[in-house]
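The sequence and structure come next.

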Amino acid sequence: MGGERVTHFGQAEQERFFEAGYLRLGRVVSRATIQALCARIDDIMLGRVTYDEMPMQLDSQTGQYGDVPAPARTFLGATLAYRRIDRLERDPLFLSYMQHPLFRAITARFIGSEVSIFRAMFMNKPASQGTILPWHQDIGTGWGIDTNPIVTIWTALDDATVANGCLQILPGSHRFGILNDHHFPTPEQQAHYIKEEDSLFLEAETGEAILLHNFLLHRSGVNPTNQPRRAFSVCYMDAVTREVATGARFPLIFGRDALRPSPS
Ligand SMILES: O=C(O)CCC(=O)C(=O)O
């Protein structure tokens, strides 16, 4: 696990990414910065730091995806049992992390200089909880946007292990292309495309960032351990991307009018 750290994203890294559908980038910031992100997300969960209208979703009680409550645009109480929190670009610590120079270099290569995000989300498997996230692709048609982004950067805020619900991926599966418009493969597609024996548990050390191709099939499980498995996932895309229903554009992360972290 861990080990290698990508400092320059060039042709060789691009080829490895397109071959496997993912690339380990290593820990790109200091341990202190990761600790600060962990403290900040805990503060948000406990209501010590608040943002209006931030989408927050509690974890399920059963571990089943169908039982996850709908997200609310409001604080749902002081608890570390949130499953997901979105729009973290509004927080200066998270925004500053998302704007790391390595991530700029990666997005410059695949997207260009004007880059927005579809989402900047905290994904949590609370201690002794967590919810199975079934096999899926992260595709734009199902998301209601008019492009299909390919760049997601997922960062482990805690060690992610098989025991606590790390990502499980099907290496190379991004080359199947978009399986359908709905995020999750049908049972028939699942039987056809997903062979568990070809899958890989993508264990990651605290702070490790992993570049994921959005078409890569991935899933994650529950967390029976007594420690949380926290992660931060950002999907970058071309700033021209619009929401189909409204025509709205998305927050700019790199480029002329990019967001700037304001003091916290
Ligand atoms: O962190 C997880 O368990 C799932 C994350 C995920 O599906 C994503 O980042 O697209």
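In this predicted model, Thr 155 stands opposite Ala 209 in strand β9. Local features require pLDDT of at least 70 and side-chain atom pairs count only at pLDDT 80 or more, while totals for chains, interfaces and linings use all residues. Residues are numbered from 1 along each chain as its sequence is written.

Strands are DSSP runs of E with at least two residues, numbered from the N terminus, and two strands pair if DSSP finds at least two bridges between them. The pairings of β6 (residues 151-156) are listed below.

| Partner of β6 | Sense | Bridges |
|---|---|---|
| β9 (residues 208-213) | antiparallel | five |
| β11 (residues 229-238) | antiparallel | six |

In β11, Cys 235 is the bridge partner of Thr 152. Six of the six residues of β6 are buried (20 or more other C-beta atoms within 10 Å of the residue's own, with C-beta atoms placed from the backbone). Val 151, Ile 153 and Thr 155 point one way, and Thr 152, Trp 154 and Ala 156 the other.

Ile 210 touches Trp 154, and its contacts also include Tyr 22, Arg 24 and Leu 202, leaving out residues up to four places away in sequence (contact: C-beta atoms, placed from the backbone, within 7 Å).

Note on methods. Contact = placed C-beta atoms within 7 Å. Buried ≥ 20, exposed ≤ 12 C-beta atoms within 10 Å, placed from the backbone. Helix = DSSP H or I, 4+ residues; strand = E, 2+ residues; numbered from the N terminus.
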